[in-house]
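Here's a quick briefing on the fold you're about to see.

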Amino acid sequence: AAGASSPRSRGRRLPARLPREQLEELCEKTKLTQKEVRALYSRFRRLAPNGVLTKEQFRQTMGVLGVTGDTFIPDRMFKVFDADQDEKLSFQEFATSLAIMIRGTEDEKLRLSFDMTAGQRGAA
C-alpha cells in the first residue's frame with residue numbers, strides 16, 4: 001500500500017490527512033474506528049513528521065507513558081512493532097501494533113506480550 005509505509009515516502013513530510021485508502025485498510029485490518037486511526041495518525045505525524053519513527057524517538061514517547069530511565073521495555077516493544085526489522089517504525093507498523101494493545105483479542109494480546117518478552121516477533 002502507498003503512504004507512510006512506502007519507501008518512497010521516507011524523508012518526505014507526511015500528508016496532513018491520512019489517505020482514505022490507507023485509513024479504510026487500517027480500520028479493516030485493526031478493528032479501530034476511523035476516529036481512532038485518525039487520532040493515532042495525528043500523534044504519529046507530530047512524533048515523526050518525515051514518516052518514520054526511530055528507536056530513540058520511540059523511547060522518548062515512552063517517557064510520556066511513564067516508562068523512563070530503563071530502555072529495556074521500549075527497546076523490546078520497538079523490536080516487535082518493527083515488523084520489517086528496518087530499525088524504523090512506519091505509521092502502518094505503529095498503528096497495527098498499538099491496535100492489538102487496544103482492540104486485539106486476548107490471544108493477540110498474549111502473543112504480542114510473549115513476543116515482547118522474547119524480544120522478537122513470532123517467537124516460538
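S97 is buried, at a relative accessible area of 1% (buried means under 20%, exposed over 50% and partly exposed in between, with a 1.4 Å probe and protein chains only). This is a predicted model, where local features need pLDDT of at least 70 and side-chain atom pairs count only at pLDDT 80 or more, while totals for chains, interfaces and linings use all residues. Residues are numbered from 1 along each chain as its sequence is written, and side-chain values use heavy atoms, with hydrogens and water left out.

**S97 and helix 5**
- You'll find S97 in helix 5, residues 91-103 (helices are DSSP runs of H or I with at least four residues, strands are E runs of at least two, and both are numbered from the N terminus).
- Leaving aside residues up to four places away in sequence, S97 touches F81, L112 and R121 (contact means heavy atoms within 4.5 Å).
- Helix 5 has 13 residues and spans 17 Å from first C-alpha to last, close to the 18 Å expected at 1.5 Å a residue (the expected span is 1.5 Å times one less than the number of residues).
- The buried residues of helix 5 are listed as F91, Q92, E93, F94, A95, T96, S97, L98 and A99.
- Those buried residues pack against helix 1, helix 2, strand 1 (53-54), helix 4 (72-81), strand 2 (88-89) and helix 6.

**Helix 5 against helix 6**
- The axes of helix 5 and helix 6 come within 8 Å and cross at roughly 125° (axes are lines fitted to C-alpha atoms, for helices over the stretch in contact, and angles run from 0 to 180 degrees between N-to-C directions).
- That makes helix 5 oblique to helix 6 (under 35 degrees is roughly parallel, over 145 roughly antiparallel, 65 to 115 roughly perpendicular, and the rest oblique).
- The crossing of helix 5 and helix 6 is left-handed (the near helix is turned anticlockwise from the far one by less than a right angle; clockwise would be right-handed).
- S97, I100, M101 and I102 of helix 5 meet E108, K109, L112 and M116 of helix 6.
- By class, that contact between helix 5 and helix 6 has five nonpolar, one polar and two charged residues (Ala, Val, Leu, Ile, Met, Phe, Trp, Tyr, Cys and Pro count as nonpolar, Asp, Glu, Lys and Arg as charged, and the others, Gly among them, as polar).
- L110 sits in helix 6, residues 106-118, and counts as exposed at 57% relative accessibility.
- The C-alpha atoms of L110 and I100 are ten residues apart along the chain and separated by 9.7 Å.

**Helix 1 against helix 2**
- Helix 1 (residues 20-30) and helix 2 (residues 34-47) pack at about 115°, with axes 9 Å apart.
- Helix 1 and helix 2 are therefore roughly perpendicular, and helix 1 passes helix 2 in a right-handed crossing.
- R20, L23, E24, L26, C27 and T30 of helix 1 make the contact with Q34, V37 and R38 of helix 2.

**Positive phi in a loop**
- Most residues other than glycine have a negative phi.
- Q85, not a glycine, has a positive phi of about 55°, and E87 has one near 70°.
- Q85 lies in the loop between helix 4 and strand 2, and E87 has its place in that loop too.
- Q85 is partly exposed at 41% relative accessibility, and E87 is partly exposed at 49%.

**Overall**
- The protein has six helices and two strands, in the order α-α-β-α-α-β-α-α.
- Of its 124 residues, 37% count as buried.
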